[in-house]
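Subject: Structure for your files, with notes

Dear colleague,

Here is the structure I promised to pass on to you. Please have it open while you read the notes below it.

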Amino acid sequence: MNSLPKTSVLSQSHVPSYSLFAQLLASERLRVTVDRRAKTASFSPEARILTLPSWSNFDNDAWLLFIAHEVGHALFTPADSFTRDSFTSLVTKYGHNAVLGVANVFEDVRIERLVREKYRGLAGTFSRGYHSLMNREFFGFTSQTIVPAWASKTVLDRINIYAKVGGLLRLSLTEAQEIAWYNRALRAETFDDVMVLVAEVMAQLTEQQRQQAAQAAQNNQPSQGQPSQGQPSQGQPQDGQSQSDAPSQDDAQESQPQSSQSQSDAQDGSSQSQPSQDGESKDDQPSQSSQEQKAQPSQDGESQEQKA
């Protein structure tokens, strides 16, 4: 396949060669199209259409990564995924965008593992593609800026970034909760397995947000005989007063995260081993080299298509 020059804008003229690549991987006659309105690469499980955005300054490695990731959805995400009770029941409870954002994080982890297991030769495709995306700051950070910002990311953002480029950046998951969730997504075999995890994650994040809001309200309510926030007690300086524990914007976003812009997938380098939640040794954490992960939840949370 001829390389696409970095200065080229992807157009319908490039579709024939990329269609052949996608159809060979998927073992079906997928329709590949380029859409100027698309905000990210995506795949429609129902229509069997793989859509690529008409972007410039992306090289051939990046486009092959996007396609390989979306073919993972074609192969392993069920065509009726968005009409199953496991999905629609959560949408009724939490809202479509919130459920789709969380589901994409964990489903991307699963399908990238499965497509790389099916086609071992894609390891290089994912590695080169992620290197290409990192070089152009596709995820909004560089190898220098992500490390200081890592701790401030939400748990879902950390899992998503770690799954895609954690090995390249030598990032680590450290909290027991995020390690356990990542491991479960990595080991999930079916879409229904993923949705069981999504239901548990959304319930837990929603409860955490509720507790944070209750604590914030309590902190802002003066108790009888005690000074209110912003009013120092008699004989005590205002500077010594504790700050309110109101949740930050990032904390609030954890219960209903927006789909991230990350688009395609997987890397070649191995991540640092992580301890599992149940006390397993660090060596029990799946390495990034053997299970490099995918994809980006969709940039546009309202679309029902799986996004890279």
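What follows is a description of the chain as a whole, then of its strands and loops, and then of its helices.

Please bear in mind that this is a predicted model, in which local features need pLDDT of at least 70, side-chain atom pairs count only at pLDDT 80 or more, and totals for chains, interfaces and linings use all residues. Residues are numbered from 1 along each chain as its sequence is written, and side-chain values use heavy atoms, with hydrogens and water left out.

The chain has 11 helices and four strands; helices (H or I, at least four residues) and strands (E, at least two) are DSSP runs, numbered from the N terminus. Of its 308 residues, 50% count as buried, where buried means under 20% relative accessible area, exposed over 50%, and partly exposed in between, with a 1.4 Å probe and protein chains only. Among the contacts with a separation of 6 or more, 72% are made by residues 24 or more positions apart, a contact being heavy atoms within 4.5 Å.

Strands and loops

Strand E3 (residues 49–53) is largely enclosed by the rest of the structure, because four of its five residues are buried. Strand E1 (residues 31–35) pairs with E3 in the parallel sense over five bridges, and Thr 33 has Thr 51 in E3 as its bridge partner; two strands count as paired if DSSP finds at least two bridges between them. Strand E2 (residues 42–44), by contrast, runs antiparallel to E3 and is joined to it by three bridges, with Phe 43 standing opposite Leu 50 of E3.

The hairpin of E2 and E3 has four residues between the strands, and there Arg 48 takes a positive phi near 60°, in a residue other than glycine. Arg 48 is partly exposed, with a relative accessible area of 21%. Ser 27 also has a positive phi near 60° without being a glycine; this residue lies in the loop between helix H1 (15–26) and E1, and its relative accessibility of 61% makes it exposed.

Ala 38, in the loop between E1 and E2, counts as buried at 18% relative accessibility. Leaving aside residues up to four places away in sequence, Ala 38 touches Thr 51, Leu 52, Pro 53 and Trp 55. The C-alpha atoms of Ala 38 and Leu 52 are separated by 7.0 Å, although the two residues are 14 residues apart along the chain.

Helices

In helix H3 (residues 85–94), the buried residues are Phe 87, Leu 90 and Tyr 94. They lie on the same side of H3, because they cover an arc of only 70° around the axis, the arc being that of the directions from the helix axis to the C-beta atoms. Just after H3, Gly 95 takes a positive phi of about 105°.

Helix H2 (residues 60–76) and H4 have axes that come within 9 Å and cross at roughly 95°; axes are lines fitted to C-alpha atoms, for helices over the stretch in contact, and angles run from 0 to 180 degrees between N-to-C directions. H2 and H4 are therefore roughly perpendicular to each other, a description that covers angles of 65 to 115 degrees, with under 35 counted as roughly parallel, over 145 as roughly antiparallel and the rest as oblique. Residues making this contact include Ala 68, His 69 and Phe 76 of H2 and Glu 107, Arg 110 and Ile 111 of H4. The contact of H2 with H4 divides into six nonpolar, three polar and five charged residues; here Ala, Val, Leu, Ile, Met, Phe, Trp, Tyr, Cys and Pro count as nonpolar, Asp, Glu, Lys and Arg as charged, and the others, Gly among them, as polar.

Helix H5 (residues 122–135) packs on helix H7 (residues 155–169) at an angle of about 80°, with their axes 10 Å apart, which makes H5 roughly perpendicular to H7. Tyr 130, His 131 and Met 134 of H5 meet Lys 164, Val 165, Leu 168 and Leu 169 of H7, and the residues of this contact divide into five nonpolar, one polar and one charged.

With best wishes
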